[in-house]
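This report examines a single protein chain at the level of individual residues. The sequence and coordinates are shown below for reference.

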Amino acid sequence: MRRIIHPVTDTHNQIRRPHQINHLSFSSSKTKNPQQKQKFSTAIAMDLLYHSSEFLLPSFSEGMKTDYALVILNQPLPKFTPVLWDHAKIVLCADGGANRLFDEMPQLFPQQDSAFVRSKYKPDVVKGDMDSIRTEVKEFYANLGARIVDESEDQDTTDLHKCVSFVLQDAIVGKSDDLCILVAGALGGRFDHEMGNINVLCMFSNIRIVLLSDDCLIQLLPMTHRHEICILSSVEGPHCGLFPIGTASAIATTTGLKWDLNDTEMKFGGLISTSNIVSEEKITVQSDSHLLWTIEIRKPAT
C-alpha cells in the first residue's frame with residue numbers, strides 16, 4: 001500500500017474528533033490485487049471521524065464545539081462568507097485574498113455603508129508573498145490593526161500553505177482538539193492554483209481543511225480513519241463525488257449514496273465516483289487510501 005509522503009514536519013499527529021470503533025473488514029474478493037486487499041482487511045481497529053457542514057448554517061446545533069479558522073484566497077468570495085466569518089475564531093487573508101475581502105465583502109451588504117462593512121470585516125492576519133495585494137489595501141488593514149506577515153522570501157510554498165502553518169502555530173486555535181480550517185475562494189480560476197490548494201489538503205492530511213466556493217466544497221478523507229458524513233440537505237447536495245488522491249487506486253466502500261461503492265477500485269484512467277447522489281442523511285466511507293470528498297452547495301432561495 002503506497003502512502004503519501006508528507007514534505008512538511010507537523011506536530012499535529014492526530015486528526016480531530018476521533019471515536020474508537022470496530023473496524024469493518026472488506027471481505028469481498030473482487031479486486032485485482034488480492035495481497036493489497038488482504039493487508040487492508042486484516043486491520044483490527046480504525047477510528048471514526050465525523051464530518052458536518054454545520055459551518056454553512058447561521059447557528060450551530062448544541063454540542064458542536066469545533067474551532068474554526070477562516071482563510072480567504074484570491075478568488076471570488078462565496079456569498080456565504082459572512083456566515084463562515086461569524087463562526088471563525090481567527091481570519092486570515094492569503095495575499096490577494098485581502099483585495100477580494102476589501103472589494104467584494106461590501107457587495108454582500110448592499111444596504112450598508114461600504115466603509116462600515118470594510119471596518120467590521122477586518123482580518124486578523126494578512127500573510128503571503130505579497131505579490132498580489134494592492135498597496136492601499138495592505139495599508140488600510142494595517143491601520144485597522146491587522147497583522148501583516150510578509151513571506152516573500154519563501155517561494156517554495158503556496159500562500160494557503162503559509163496560512164495553514166500560521167493557524168497551526170497560533171497559541172489558542174492551533175492547540176484546539178477540534179480544529180477545522182475553512183478556505184473561502186479555494187476553487188475556480190487557474191487550474192494550477194486549484195491543484196495547489198488540493199495538494200495542501202494532502203500535505204496536512206491530519207488537519208481538517210475544507211476548500212469552498214459558491215458551488216461546492218472539497219475535503220480530504222484520510223485513509224487512517226473511517227468516515228461518517230452528516231448531510232445537511234438544506235445547504236448541500238444532492239450531487240457528490242469521491243476520488244482517489246495520492247495513489248494510483250483505492251478500494252472503497254460506502255453507504256448512503258445512490259450508487260454505493262462496495263470494495264470498489266477507483267483510479268484515474270478507470271472508475272471514479274462522479275455525479276453521485278446522496279440518498280441518506282448519513283454517509284459512511286472507508287478506503288485503503290486517501291480520498292477527496294466533494295458535494296455541491298445549494299444556492300440560497302431568492
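This is a predicted model: local features need pLDDT of at least 70, side-chain atom pairs count only at pLDDT 80 or more; totals for chains, interfaces and linings use all residues.

**Nonpolar cores.** In soluble globular proteins, nonpolar side chains tend to be buried together. In this model, the largest nonpolar core contains 50 residues. The members with the most contacts inside this core are Phe 55, Leu 70, Leu 84, Leu 182, Leu 212, Leu 242 and Trp 293. Strand β16, residues 291-297, supplies the largest share of the core, namely four residues. The surroundings of Leu 84 illustrate the packing: once residues up to four places away in sequence are set aside, Leu 84 touches Phe 55, Leu 56, Leu 70, Leu 182, Ala 184 and Leu 212.

**Helix α3.** Helix α3 spans residues 97-104 and is mostly covered, with six of its eight residues buried. The buried positions are Gly 97, Ala 98, Asn 99, Leu 101, Phe 102 and Glu 104. The elements that cover these buried residues include the strands β3 (67-72), β4 (88-94) and β5 (125-128), together with the helices α2 (81-87), α4 (114-120) and α5 (135-143).

**Glu 194.** Which contacts accompany Glu 194, leaving aside its neighbours within four places in sequence? They are Ala 186, Leu 187 and Gly 188. Glu 194 belongs to helix α7, residues 191-203. Glu 194 is buried and has no salt bridge, the nearest side chain of opposite charge being that of Arg 190, 9.8 Å away. A polar atom of the Glu 194 side chain does, however, lie 2.7 Å from the backbone nitrogen of Gly 188.

**Backbone features.** Gly 237 and Pro 238 are joined by a cis peptide bond, with omega at about 5°. Pro 238 is located in strand β11, residues 236-244.

| Residue | Phi | Location |
|---|---|---|
| Asp 263 | about 50° | loop between β12 (250-255) and β13 (264-266) |

Note on methods: Residues are numbered from 1 along each chain as its sequence is written. Side-chain values use heavy atoms; hydrogens and water are left out. A nonpolar core is a set of buried Ala, Val, Leu, Ile, Met, Phe, Trp, Tyr and Cys residues joined through side-chain atoms within 4.5 Å. Buried means under 20% relative accessible area, exposed over 50%, partly exposed in between (1.4 Å probe, protein chains only). Helices (H or I, at least four residues) and strands (E, at least two) are DSSP runs, numbered from the N terminus. Contact means heavy atoms within 4.5 Å. Lys and Arg count as positive and Asp and Glu as negative; His and the chain ends are not counted. A salt bridge is a side-chain nitrogen of Lys or Arg within 4 Å of a carboxyl oxygen of Asp or Glu. A polar contact is a pair of N or O atoms within 3.5 Å; within protein, one must be able to donate a hydrogen and the other to accept it, and residues adjacent in sequence count only if both atoms are side-chain atoms.
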